[in-house]
Amino acid sequence: MRYRLFGRTGLFVSELCFGSMTFGGKSGIWEKIGNTEQLEADRLVGIALDAGINFFDTADSYADGDSERILGHALGAARKDIVLASKVRSRVGPGPNAVGLSRAHIVASVEGSLRRLGTDWLDLYQVHGYDAQTPLDETLRALDDLVRSGKVRYVGCSNVAAWHIAKANGLAAAHDWSRFESLQAYYTLSARDIERELVPLLVDERMALMVWSPLAGGLLSGKYSREQDGPAGSRRTVFDFPLGNRERAFDCIDAMRPIATAHGVSIARVALAWLLAQRHVTTIVIGARTEAQLLDNLDACELRLADDELAVLDRVSALPAEYPGWMIARQAQGREPPLPAGR
């Protein structure tokens, strides 16, 4: 397991992060995503720890709080040695204020997360999306208070636009508040949308990138093809998420198949290896319902794709040109810094 610097912080995190969204689902959408109970969760977390994973991610809304409870119990005494992340924003109750990014909801939610996880602090606390109903300065000031109180070490964001981050970090700088140090975003070989605006912002701001759903909700696992819509009961057949262009995904699968065969590995492992080869990726959040899935994901760390293989995958998955991107690239021509003397 390799470790990467988490943005501009002093933290080093494993390049694979264990996500616990599949823990505890008993009904509704959560049962479709995963219903791993405590005994199996203990075993999977143990395997992850033994493999060198030191980064674990969850959210207060996953499985109605059961995900946090199960993860906290599974970590046990190992909690002091790992980087633990959770999130706030999604609905966690029926009331009108049991959702969003108001100070009231943030304070209530962090207390609930700490209690369920059995810890006194969170290393990373992430807003789980944008809340248009709450002024951004209220959210940022509440998060900064949590950092100053010691209940939270760093704050991050997820599922937001580039302008949200730019505005938030500008306000944070102006008021000496804790800024967003990371973004958790949907990114995969067949869905490279974040490369247009978000990735350039992250690089410029020296923010960490955590990738969620790196296999496109299982679509890039190798179980699906144009002819086969996945085995009965597989995740995509009961919960078709995240959204995406299936034809584009199948083109990517067709390109990955011979590469996987040449290396004697799964298509899923190739998809993860492509992500790990992207310099702007800090860590990939993996969620496994079975030991076999977890072990295969862990083995992706050992796969190194050759330059020509990466080039093939880059071409098949390339985003179509859009303005102003193509104009910015055109105007950049001829503006590269000159080579040093003697080169």
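The buried residues of helix α3 (buried meaning under 20% relative accessible area, with exposed over 50% and partly exposed in between, for a 1.4 Å probe and protein chains only) pack against α2 (38–50), β4, β5 (83–88) and α4, where packing rests on contact, that is, heavy atoms within 4.5 Å. Helices (H or I, at least four residues) and strands (E, at least two) are DSSP runs numbered from the N terminus. The model is predicted, and for this reason local features need pLDDT of at least 70 and side-chain atom pairs count only at pLDDT 80 or more, whereas totals for chains, interfaces and linings use all residues. Residues are numbered from 1 along each chain as its sequence is written, and side-chain values use heavy atoms, with hydrogens and water left out.

Helix α3 is mostly covered, since eight of its 10 residues are buried, namely Asp66, Ser67, Glu68, Ile70, Leu71, Gly72, Ala74 and Leu75. Just after this helix, Gly76 takes a positive phi of about 50 degrees. The axes of α3 and α4 come within 7 Å and cross at roughly 40 degrees; such axes are lines fitted to C-alpha atoms, for helices over the stretch in contact, and the angles run from 0 to 180 degrees between N-to-C directions. The two helices α3 and α4 are therefore oblique to each other, given that angles under 35 degrees count as roughly parallel, over 145 as roughly antiparallel, 65 to 115 as roughly perpendicular and the rest as oblique. On the α3 side the contact is made by Glu68, Arg69, Leu71 and Gly72, and on the α4 side by Gly112, Ser113, Arg116 and Leu117. By class, these residues of the contact of α3 with α4 comprise two nonpolar, three polar and three charged, where Ala, Val, Leu, Ile, Met, Phe, Trp, Tyr, Cys and Pro count as nonpolar, Asp, Glu, Lys and Arg as charged, and the others, Gly among them, as polar.

Helix α4 (residues 103–117) also packs with helix α5 (residues 136–149), at an angle of about 30 degrees and with the axes 9 Å apart, and the two are therefore roughly parallel to each other. The crossing of α4 and α5 is right-handed; a crossing is given this name if the near helix is turned clockwise from the far one by less than a right angle, and is called left-handed if anticlockwise. In this contact, Arg103, Ile106 and Val110 of α4 meet Glu138, Thr139, Arg141, Ala142, Leu143, Asp145 and Leu146 of α5, which gives five nonpolar, one polar and four charged residues.

Leu143, which lies in helix α5, counts as buried at 1% relative accessibility. When its neighbours within four places in sequence are left aside, Leu143 is in contact with Ile106, Tyr125, Val127, Val155 and Phe180. Leu143 and Trp177 are 34 residues apart in sequence and 8.4 Å apart in space, taken from C-alpha to C-alpha.

A further helix pair is formed by α6 (residues 162–175) and α7 (residues 198–205), which pack at an angle of about 25 degrees with their axes 9 Å apart. That angle makes α6 roughly parallel to α7, and the crossing of α6 and α7 is left-handed. Ala162, Ile165, Ala166 and Asn169 of α6 make the contact with Leu198, Leu201 and Glu205 of α7, and these residues divide into five nonpolar, one polar and one charged.

Attention then turns to the backbone. Most residues other than glycine have a negative phi, and most peptide bonds are trans. Ala63, in the loop between β4 (55–57) and α3 (66–75), has a positive phi near 50 degrees and is buried, with a relative accessible area of 5%. Ala216, in the loop between β9 (208–212) and α8 (235–238), has a positive phi near 55 degrees and is likewise buried, with a relative accessible area of 1%. The peptide bond from Tyr323 to Pro324 is cis, with omega near 10 degrees, and Pro324 lies in the loop between α12 (307–317) and α13 (325–332).

Finally, a search of the whole structure finds zero disulfides, a disulfide being a pair of cysteine sulfur atoms within 2.5 Å. Cys157 is in no disulfide, and the nearest cysteine sulfur, that of Cys17, is 15 Å away; Cys157 is buried, with a relative accessible area of 0%. Cys301 is in no disulfide either, the nearest cysteine sulfur, that of Cys17, being 12 Å away, and Cys301 counts as buried at 2% relative accessibility.
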